[in-house]
Amino acid sequence: MNFLSVENIAKSYGERILFKDISFGINQGQKIGFVAKNGTGKTSLLNMLSGDDNPDEGRIVYRKDLKVAFLSQEPNLDPDRTIEETIFIGDNPILKVIETYEKAILNPEDTEAYQKAFDGMDAHNAWDFETRYKQILSKLKLDNLDQLIKNLSGGQKKRLALAKALLTQPDLLVMDEPTNHLDLEMIEWLEALFAKENFTLFMVTHDRYFLERVCNEIVELDEGNLYSYKGNYSYYLEKREARIETEATETGKAKQLYKKELDWMRRQPKARTTKSKSRIDDFSDIKARAHKRRNDHEMELELNMERMGTKVVEIHKISKAYDDKELFTKFEYNFIRGERVGIIGKNGTGKSTFLNIMTGKLQPDAGKVVIGETVKFGYYTQKGITIKEGQKVIEVIREFGDYIPLKKGRQISAQQLLERFMFDRKKQYDFVEKLSGGERKRLYLCTVLIQNPNFLILDEPTNDLDIVTLNVLESFLLDFPGCLIVVSHDRYFMDKIVDHLFVFKGAGQIQDFPGNYSDYRTYEDSKVIEQRGATAEATTEKKNWKEETTGVKLSYQEQKELSRLEKDIAREEKKREELQNKFATENWDGDEIDKQSIKLQEIIDSIDEKTERYFELMEKQEN
């Protein structure tokens, strides 16, 4: 059944065209993920689908009596209402029945009102819905129903808006970044809910695991064109790569044809036949196809950051509590050069507080943090960038620096860094207040990187960033030679970037886990299986997993080193292969060949050194 049809719509703001002539449909049962770069109109399109905005051209046709719920990034809630009042606002008759019943429970002495409310629950079969209502509020940690909206945090407001959208039981649920401000436990619950129940969804999200496990179709807006992929995120990636390769081949053919036609255009006589006029008309189309280029950027930087000394960051038995709530107690840890740590835990367990103590923005209740003299922090916080009226994008970056030094005396300018994070030269001279939310986060990230830190701390860096930007950021971080701490609810991002985790478990506990997020989930799931009295086979699998993960002869630091070496060797082998291929394809002169040969030898020597150490640790573990 068709729920709505989008027919040839267009949207622009002044001279800036977001999209034009876009068409697609949403049918019952579809779970569609919408993918596009920041600033290309994702939120504008969602607002049109929800009825909060209208297209400049074309139309959106809804099935009669279609009920649509819209989850925006910034929910519009009445600040003077309570959580409970906000949930019960709406036209769902079952919610009204439950509201009456909840009030009757509070006044049991009014037996007539109580009986009437009880009968109403029976008449509307509302008991199951009440159970669902309480489960959703519990899962989203909305326990104090009397709390006023104006006293809620931004994350609590987003969770409340999500709960309200789910409880209205819409025919179509349209969501803008639904996993923002949810902790990992909440994300996995929501993922399971959408995967098993027959929702019809249209959503924008940067969470690639969420797209993989929930969506059955991906719609991409790329370079002004719309592409639909009938499958999950993995299928989309595979088919998108094939499409881009086909487009590159077609562009190459068009360039050859363009050269031929250009030569003909220059030689053609002034007297034009009907046939030649037709060929001239076709020439402009050939020229456009020949000059088509993708606006993708590969991050290839060899940073020349300030070298770290042997002392990096030492944490000596720090403790912090607010009132009676202990965040962490006597936690200690010494960072070594090149460490990549992920931080996970439920909201409110002290993750951001821990980072603020590390960077000196807060003082611990007990203990101390000792920072090495050569350490230069780059701290990306959740607050984002402060917008100054009339300031342009390039001016924001230049407040922090004009360039980043690279190896061998080279450097990358502020303009070049912005280009790599998809701010083209024209966009760099736009006013900051015109940027979308995701573009502002991208700009803020550039202000942190231009300062060339050697210890990078990223607190929820993936929120509001599009998938293309995430790929660029991941490429940068994989080559980043300094220390790295990442707080993120993006499981895909964490799996790709970090080597081990600090797990904030609440009640003052921080667990140091040797592995990425997927490793941690496997470990936790194996514990649940054991606690439930699983079969002997399942228990054996758990034991084998633990042996593989922890080792028996290696110290903890050696386990981390072994994990890091494996990734480093794979990364450098890829560099070696790419450089070797260039020797066959690039038309280098003698000096450049000598230069690249030295670089290749450096990579080979590094691989040999790391491989030797890798086998040394493996032998120690096996003996």
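Mentor: Leaving aside residues up to four places away in sequence, F377 touches V313, M358, T359, I371, P453, F455 and I457, where contact means heavy atoms within 4.5 Å. This is a predicted model, in which local features need pLDDT of at least 70, side-chain atom pairs count only at pLDDT 80 or more, and totals for chains, interfaces and linings use all residues. Residues are numbered from 1 along each chain as its sequence is written, and side-chain values use heavy atoms, with hydrogens and water left out.

F377 belongs to strand 14, which covers residues 377–380; helices (H or I, at least four residues) and strands (E, at least two) are DSSP runs, numbered from the N terminus. Because its relative accessible area is 24%, F377 counts as partly exposed. That class lies between buried, under 20% relative accessible area, and exposed, over 50%, with a 1.4 Å probe and protein chains only. Along the chain, F377 and L484 are 107 residues apart, yet a distance of 9.8 Å separates their C-alpha atoms.

When contacts between residues at least 6 apart in sequence are considered, 68% join residues at least 24 apart.

Elsewhere, D605 lies in helix 20, residues 590–622. With a relative accessibility of 41%, D605 is also classed as partly exposed.
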